[in-house]
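Hi,

Here's the structure I promised to pass on. Have a look at it first, then read on for my notes.

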Amino acid sequence: MPIAAEPYAFPFAPETCALLLLDMQRDFLEPGGFGAALGNDVSLLRRTLAPNRRLLDAWRGAGLQVLHTREGHQPDLSDLPEAKKTRARSALTIGDAGPMGRILVRGEAGHDIIPELYPQFGEAVIDKPGKGAFYATDLHAILMNRGVKQLIVTGVTTEVCVNTTVREANDRGYDCLVPSDCVGSYFPEFQEMGLKMIKAQGGIFGWVSHSDKILAALK
Ligand code: C5J
């Protein structure tokens, strides 16, 4: 069941394909969250909500597998490398009190997934301390145990956690398809280049398509 994609059709096998939503967390997406507090325009990320919602509804309706991730750290920050804390420092940094609790700390309001895409019972939620969803998590084991070989990867942000995770997945043998309307960046140029990097050189890390094409295949 091929899905129209670039650089060529994605060989969709629904029974072994999972939808992986990356870091659709309140702190990245909500006005008044961490991202907004740093001066970012969250509308650039929020445009992914409606297409993700449509895709998630159709995916759940088809009875296919769904997984979610959340980027964040233990409250004592014991899993936060010094390099991650000291780099990417702005007015606020990881562990500081932010508009919706401590920034990127597990259990805080801003760390939670936005209500629009909230996980349902039975959908795995992977807490990840890094940008890639495979680093220091059970994701690979869960996917192998569930017989998953392909991933539809959505979420934020395109050039950071989406790109890192697609590259990690590719190295572990997963075929990844990224619907361009379901991933977002605070930086339009990174959105464009992040997608180009995935599909370049004959699909060096994966495929890029649009959620409409996946919805058509699900019908
Ligand atoms: C994600 C980030 N999720 N940009 N994190 O992309 O720091």
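Below is what turned up, starting with the ligand and then moving to the nonpolar cores.

Keep in mind that this is a predicted model.

So, which residues are around the ligand? They are Asp-23, Phe-28, Glu-71, Lys-131, Val-156, Thr-157, Val-160 and Cys-161.

Asp-23 puts a polar side-chain atom 2.7 Å from a nitrogen atom of the ligand. Lys-131 has a side-chain N or O atom 2.8 Å from a ligand oxygen. With Thr-157 it's the backbone instead: one of its N or O atoms sits 2.9 Å from an oxygen atom of the ligand. As for how covered the ligand is, on its own it would expose 230 Å², and the protein buries 86% of that.

Now the cores. The largest nonpolar core has 37 residues, and the ones touching the most other members are Phe-10, Phe-12, Leu-29, Leu-55, Trp-59, Ile-152 and Leu-177. Elements that each supply at least two residues of this core are β3 (17–22), α1 (26–29), α4 (49–61), β8 (150–156) and α9 (211–218). Which one gives the most? That's α4, with four residues.

Leaving out residues up to four places away in sequence, Phe-12 touches Met-1, Pro-2, Ile-3, Cys-17, Trp-59, Leu-64, Gln-150, Ala-217 and Leu-218.

There's also a second, separate core of 24 residues, including Ala-18, Val-148, Ala-169 and Leu-195.

Cheers

Methods: Residues numbered from 1 in each chain as written. Predicted model: local features only at pLDDT ≥ 70, side-chain atom pairs only at ≥ 80, totals over all residues. Heavy atoms only, no water. Near = heavy atom within 4 Å. Polar contact = N/O pair within 3.5 Å; in protein donor to acceptor, adjacent residues only side chain to side chain. Areas by Shrake-Rupley, 256 points an atom, 1.4 Å probe, with all protein chains shown as cover. Core = buried A, V, L, I, M, F, W, Y, C linked by side-chain atoms within 4.5 Å. Buried < 20%, exposed > 50% of the residue type's maximum accessible area, 1.4 Å probe, protein only. Contact = heavy atoms within 4.5 Å.
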